[in-house]
Amino acid sequence: MAGVKDYINTRVSRNREQIEHHIREILKLIGEDVNREGLLETPARVTRMYEEIFGGYEVDPRDVLGVSFDEKHEELVIVKDIVYYSQCEHHMAPFFGKAHIGYIPSGKIAGLSKLARLVEAVTRRLQVQERITSQIADIMEEVLQPHGVMVVVEGEHLCMCARGVKKPGSKTVTSAVRGQFRNSSALRSEFLSLLKE
Ligand SMILES: [Zn+2]
């Protein structure tokens with residue numbers, strides 16, 4: 001798993017003062033007293049948080065997989081329960097959950113921890129869950145050229161809990177399939193049943 005230091009958004013770091021200024025302005029506009037004690041450090045804290053949660057912009061997700069070669073293994077490989085944390089691009093509100101990746105190698109494999117890095121690089125930005133799911137599948141396909149890929153992402157969206165429909169605890173599940181997974185319901189079922197174990 002990548003350390004947080006690998007995902008620091010240096011653009012945010014460079015623009016720290018301006019971002020802090022604008023957050024302070026927003027606080028004023030919503031009716032807050034920016035000089036009360038609890039809020040004095042808030043613009044700086046939010047900016048430091050942005051450095052981390054938007055650190056994915058500094059990484060090309062294609063570069064993190066660290067491909068190695070193994071001609072022999074052509075069976076299903078699954079890495080499940082990869083915890084992610086992202087921000088919905090519609091409300092800039094957090095959503096988070098787990099990603100599960102299965103693929104059938106055709107000569108190229110990725111270190112198991114590298115799949116977690118891929119998830120991190122894709123999720124530490126403004127995102128929607130559907131795009132996270134398809135981007136992971138597309139990058140796996142592009143970089144590893146496997147026989148097939150299947151990605152399932154589960155997410156809990158705070159924008160859904162806190163406003164609008166107000167359904168706390170409801171989960172959104174998205175999936176993407178490529179290659180052999182498209183044509184084989186047996187393969188999809190095998191993947192899904194292994195997720196339950
Ligand atoms: Zn949202």
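**Aromatic rings, a sheet and salt bridges**

What you are looking at is a predicted model, in which local features need pLDDT of at least 70 and side-chain atom pairs count only at pLDDT 80 or more, while totals for chains, interfaces and linings use all residues. Residues are numbered from 1 along each chain as its sequence is written, and side-chain values use heavy atoms, leaving out hydrogens and water.

Together with Tyr50 and Phe54, Tyr57 forms one aromatic cluster. Rings of Phe, Tyr and Trp (its six-membered ring) pair if their centres lie within 6.5 Å, and planes under 30 degrees apart are stacked, over 60 edge-to-face, the rest tilted. The structure has four aromatic pairs by this rule. In one of them, Tyr50 and Phe54 have ring centres 5.0 Å apart and planes at 55°, so this pair is tilted. Phe54 also pairs with Tyr57, with 6.4 Å from centre to centre and 50° between the planes, and this pair is tilted as well. Both Tyr50 and Phe54 are buried, Phe54 with a relative accessible area of 7%.

From the rings, let us move on to the strands. Five of them make an open sheet in the order β5-β2-β3-β6-β7, with mixed pairing (strands are DSSP runs of E of at least two residues, helices of H or I of at least four, numbered from the N terminus; two strands pair if DSSP finds at least two bridges between them). At the edges stand β5 (126-127) and β7 (172-179), each with a single partner strand, so one side of each has no neighbour in the sheet. How is β5 joined to β2? The two strands run parallel, and two bridges join β2 (residues 77-88) to β5. Gln87 has Leu126 of β5 as its bridge partner.

Finally, look for charged side chains that meet. There are ten salt bridges in the structure (a side-chain nitrogen of Lys or Arg within 4 Å of a carboxyl oxygen of Asp or Glu). One of them joins Arg131 and Glu89, whose closest N and O atoms are 2.7 Å apart. Arg131 belongs to helix α5 (residues 129-144) and Glu89 to the loop between β2 and β3 (94-104), so the pair ties together parts that are 42 residues apart in sequence. Arg131 is partly exposed, with a relative accessible area of 29%, and Glu89 is partly exposed too, at 34%.

Next comes the salt bridge between Glu154 and Lys171, where the closest N and O atoms are 3.4 Å apart. This pair also links distant parts of the chain, 17 residues apart: Glu154 is in strand β6 (residues 148-157), and Lys171 is in the loop between α6 (158-162) and β7. Glu154 is partly exposed, with a relative accessible area of 21%, whereas Lys171 is exposed at 54%.

To finish the tour, find Asp60, Arg62 and Glu142, which are linked in a network of salt bridges.

Key
Buried means under 20% relative accessible area, exposed over 50%, partly exposed in between (1.4 Å probe, protein chains only).
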